[in-house]
Protein chains: 2
Amino acid sequence: MRYELYYWPSIQGRGEFARLALEEAGADYVDVARKGGKGGGVPAMMRLLDGTRVKHPPFAPPFLKAGNLLIGQTSNILLFLGPRHGLVPRGEAARLWTNQLQLTIGDFVVEIHDTHHPIAAGLYYEDQRPAAKRRATDFLKSRAPKFLTYFERVLEQNGSHYLVGRTLSYADLSLFQVADGLRYAFPKAMRRLEKKLPRVTALHDRVAERPRIAAYLASGRRIPFNQSGIFRHYPELDR
Amino acid sequence: MRYELYYWPSIQGRGEFARLALEEAGADYVDVARKGGKGGGVPAMMRLLDGTRVKHPPFAPPFLKAGNLLIGQTSNILLFLGPRHGLVPRGEAARLWTNQLQLTIGDFVVEIHDTHHPIAAGLYYEDQRPAAKRRATDFLKSRAPKFLTYFERVLEQNGSHYLVGRTLSYADLSLFQVADGLRYAFPKAMRRLEKKLPRVTALHDRVAERPRIAAYLASGRRIPFNQSGIFRHYPELDR
């Protein structure tokens, strides 16, 4: 089956967590909004988003079409893909735990985004810069260390190279993405923070070297980080 | 089996979504941090939160102990409880869809919280009031209508009294809670918004009248809304 992934075509955003899982799985998928021609582009995405005849309309991208299923919400897409592609261990306990870690990464992602948009996603960064500075300061002092130290501890307690069990799960791919994005957005702060995060840093590098992920990262399918995504580099916020 | 729910004892917060499901299910549970004596209170919660010998340490409350499982993240707790207590229809498609709706409610809850804490959860409201006013204005103008209209549309498309299928699911309980909390936090704005939300409003009332929910809401187990929770009433934010 060919999956159809729907997400904004010019940013990694939340769609990237699904892309990484699909790439690591070697799954057959089309990134619909990035595809030209008939049935592609953003209009194809908007048709499903606004369509009143869609049975299970998503609130926002990303969403995944898998046969008759239309699945929205990042962690829900991964909950669906994980067992089908060996990206989560077997058994209910491991699957709930992996979902829990993914949800915690999702909470972290919201806070990362809101460092540059603390007032409203619909306003420009420039219109909320003073608030962004305050929020980013608190984020780098309190929240980022709290989240990152948590994942460091999970890796340590698991006594493994991975967050869950003895093999790679989609939560590892997602933690890679967050660490990678934080390096882009906050290079100065991350150089400082990573000194206390040997396991998270090693996980990042280990994931980046997996053959399919390495090939993906080197390909045109990987959209570069940019100033429209979740992870943005504003030097005045990186302290 | 007696469940153990762990959450802050003085607020509804995110724990309330789990409480409502447990109450509607008539499940045997203890709200550990609200219980006095040995093995109760906040210290019991902190032991699991900070314990380095906990196999699957949660990042934050709420979390649920069910036998040997320790399950964190609100939507994950409901993903676990739903099938066990008839709070979600059978079948993978319905369960993914219910989870998706719950996750969207979770996103909404973050934005509701951040109306009064746009800069940092660790600062007092009074220290971020101007930013809160801006964020709340955008929230009431753009975000709340967008989320609420979405759920109104889901109810309409489902042609039913419920969000999913023909019976109550945990997503309905959660939407009740959000509507109830918004009425507390933003009574003025909600009187205006609810004129265009007949189905969401009716769902709220229908859930409140369910025998077990009505008994719960009238009991001492329901913590009243207050100025420490997610839903807070600051008249200057309610416009």
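Which residues in H4(A) meet which residues in H6(A)? The model is predicted, and in it the H4(A) side consists of Thr98(A), Leu101(A), Gln102(A), Ile105(A), Phe108(A) and Val109(A). Facing them in H6(A) are Tyr170(A), Ala171(A), Ser174(A), Leu175(A) and Val178(A). Sorted by class, this contact of H4(A) with H6(A) holds eight nonpolar and three polar residues, with no charged ones.

Two packed helices are described by the angle between their axes and the distance between the axes. For helix H4 (residues 92-116) and helix H6 (residues 170-185) of chain A, the axes come within 9 Å and the crossing angle is roughly 15 degrees. Angles under 35 degrees count as roughly parallel, and H4(A) and H6(A) are therefore roughly parallel to each other. Their crossing is left-handed.

H6(A) also packs against helix H1 (residues 15-25) of chain A, where the axes again come within 9 Å but cross at roughly 130 degrees. That angle makes H1(A) oblique to H6(A). The crossing of H1(A) and H6(A) is right-handed. From H1(A), the residues in this contact are Glu16(A), Phe17(A), Leu20(A), Ala21(A) and Glu24(A). H6(A) answers with Tyr170(A), Leu173(A), Ser174(A) and Gln177(A). By class there are five nonpolar, two polar and two charged residues in the contact of H1(A) with H6(A). Tyr170(A) and Ser174(A) take part in both of the H6(A) contacts described here, meeting residues of H4(A) as well as residues of H1(A).

The sheet of chain A comes next. Four strands make up an open sheet with mixed pairing, in the order S2-S1-S3-S4. Its edges are strand S2 (29-31) and strand S4 (69-72) of chain A, each of which pairs on one side only. On average, and with direction ignored, neighbouring strands of this sheet are turned by 20 degrees against each other. Strand S1 (residues 3-6) and strand S3 (residues 63-66) of chain A run antiparallel and are joined by three bridges. Within this pair, Tyr6(A) has Phe63(A) of S3(A) as its bridge partner.

In chain B, strand S3 (residues 63-66) contains Lys65(B). Apart from neighbours within four places in sequence, Lys65(B) is in contact with Tyr3(B), Glu4(B) and Leu70(B). Phe17(B) lies 48 residues away from Lys65(B) along the chain, and the C-alpha atoms of the two are separated by 15 Å.

Another helix pair is found in chain B. H5(B) and helix H8 (residues 198-208) of chain B have axes 8 Å apart and pack at an angle of about 80 degrees, which makes H5(B) roughly perpendicular to H8(B). H5(B) contributes Leu148(B), Phe151(B), Glu152(B), Leu155(B) and Glu156(B), while H8(B) contributes Arg199(B), Val200(B) and Leu203(B). Five of the residues in the contact of H5(B) with H8(B) are nonpolar and three are charged, with no polar ones.

Finally, the two chains touch. The contact involves 30 residues of chain B and 30 residues of chain A. On the chain B side, strand S4 (69-72), helix H3 (74-84), helix H4 (92-116) and helix H5 (129-158) each supply at least two residues. H4(B) gives the largest share of that side, eight residues. The side of chain B that touches chain A divides by class into 15 nonpolar, 12 polar and three charged residues.

Terms used
Residues are numbered from 1 along each chain as its sequence is written. Chains are lettered from A and ligands numbered from 1 in the order in which they are written. This is a predicted model: local features need pLDDT of at least 70, side-chain atom pairs count only at pLDDT 80 or more; totals for chains, interfaces and linings use all residues. Axes are lines fitted to C-alpha atoms, for helices over the stretch in contact, and angles run from 0 to 180 degrees between N-to-C directions. Angles under 35 degrees count as roughly parallel, over 145 as roughly antiparallel, 65 to 115 as roughly perpendicular and the rest as oblique. A crossing is left-handed if the near helix is turned anticlockwise from the far one by less than a right angle, and right-handed if clockwise. Two residues are in contact if their C-beta atoms, placed from the backbone, lie within 7 Å. Ala, Val, Leu, Ile, Met, Phe, Trp, Tyr, Cys and Pro count as nonpolar, Asp, Glu, Lys and Arg as charged, and the others, Gly among them, as polar. Two strands pair if DSSP finds at least two bridges between them.
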